[in-house]
Amino acid sequence: MRTTSLALTFAALLPATAFAGEQYVDETGFAVSGYDVVAYFDLPQSAVGEAQPDPVPGRASLTAEHNGATFAFSSEENRERFLADPEAFVPQYDGHCAYGVAKGGKVPGNPYLWRIVDDELYLNITENVVSFWEEDIPGNIDLAEGNWPGIEPDGASGNTIPQFASAAPLSE
């Protein structure tokens, strides 16, 4: 009986793994434009309606692979934290704009337009979109969670982040 339950549990997990969407990677060649995803969780978070602190650039010499993408880190400690549990740190929706997913599509996420909600990192595409996202964060997350299973298997957005150029990762 235990073997049957374990086999059924494993079989249930296979489709999710097989159809995982691609991580958004911009022209830097790095996920989250080369910024350290672990560092977001150590930054102070601004109140809704206020700009967040700038993200921490990763270093090109400190990287890890996850979901087919290269992530850069600002310290060996952050890299090790990521390797221990990548899902705790990667942005939701494979680094795509959370509001875009709430509206049913995949568009790039800007690493400067971030918010952590319930220990999850969310990115958005433009400051204007952030204002729409922040009007109803829980409602937008609910919409995005409902839309995500249908669009996750689609390829990553191939679009450039509007009016953005990454200073990361640092090359030492």
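User: Which residues does Arg79 touch, not counting residues up to four places away in sequence?

Analyst: Before answering, please keep in mind that this is a predicted model. A contact here is a pair of heavy atoms within 4.5 Å, and with sequence neighbours up to four places away set aside, Arg79 touches Leu62, Thr63 and Phe73. Arg79 itself sits in helix 2, and its C-alpha atom is separated by 7.0 Å from that of Leu62, a residue 17 places apart from it along the chain.

User: How should I read the accessibility of Arg79: is it buried, partly exposed or exposed?

Analyst: The general idea is to compare the relative accessible area with two cut-offs, under 20% for buried and over 50% for exposed. Because its value is 22%, Arg79 counts as partly exposed. For the chain as a whole, 44% of the 172 residues count as buried.

User: Where does Gln92 lie, and which side chain does it join through a polar contact?

Analyst: Gln92 lies in the loop between helix 2, residues 76-84, and helix 3, and a polar contact of 2.4 Å joins its side chain to that of Glu120. Leaving aside neighbours within four places in sequence, Gln92 is in contact with Glu120, Leu121 and Tyr122.

User: What should I examine when I look at helix 5 by itself?

Analyst: A careful reading takes the length, the bend and the start in turn. Helix 5, residues 137-151, has 15 residues and spans 20 Å from its first C-alpha to its last, which is close to the 21 Å expected at 1.5 Å a residue. The helix bends by about 25 degrees at Glu145, with a proline, Pro149, following within four residues. At its start, a side-chain oxygen of Asp136 comes to within 2.9 Å of the backbone nitrogen of Gly139.

User: Which residues of helix 5 are buried, and what do they pack against?

Analyst: The buried residues are Ile137, Gly139, Asn140, Ile141, Ala144, Trp148 and Ile151. They pack against helix 3 (98-102), strand 3 (110-117), strand 4 (120-124) and helix 4 (127-135).

User: How do I describe the packing of two helices, and what are the values for helix 4 and helix 5?

Analyst: Two packed helices are described by the angle between their axes and by the distance between those axes. The axes of helix 4 and helix 5 come within 5 Å and cross at roughly 95 degrees, which means that helix 4 is roughly perpendicular to helix 5. On the side of helix 4, Phe132, Trp133, Glu134 and Glu135 meet Ile137, Asn140 and Ile141 of helix 5.

Note on methods: Residues are numbered from 1 along each chain as its sequence is written. This is a predicted model: local features need pLDDT of at least 70, side-chain atom pairs count only at pLDDT 80 or more; totals for chains, interfaces and linings use all residues. Side-chain values use heavy atoms; hydrogens and water are left out. The expected span of a helix is 1.5 Å times one less than its number of residues. The bend at a residue is the angle between axes fitted to the seven residues ending there and the seven starting there. Buried means under 20% relative accessible area, exposed over 50%, partly exposed in between (1.4 Å probe, protein chains only). A polar contact is a pair of N or O atoms within 3.5 Å; within protein, one must be able to donate a hydrogen and the other to accept it, and residues adjacent in sequence count only if both atoms are side-chain atoms. Axes are lines fitted to C-alpha atoms, for helices over the stretch in contact, and angles run from 0 to 180 degrees between N-to-C directions. Angles under 35 degrees count as roughly parallel, over 145 as roughly antiparallel, 65 to 115 as roughly perpendicular and the rest as oblique.
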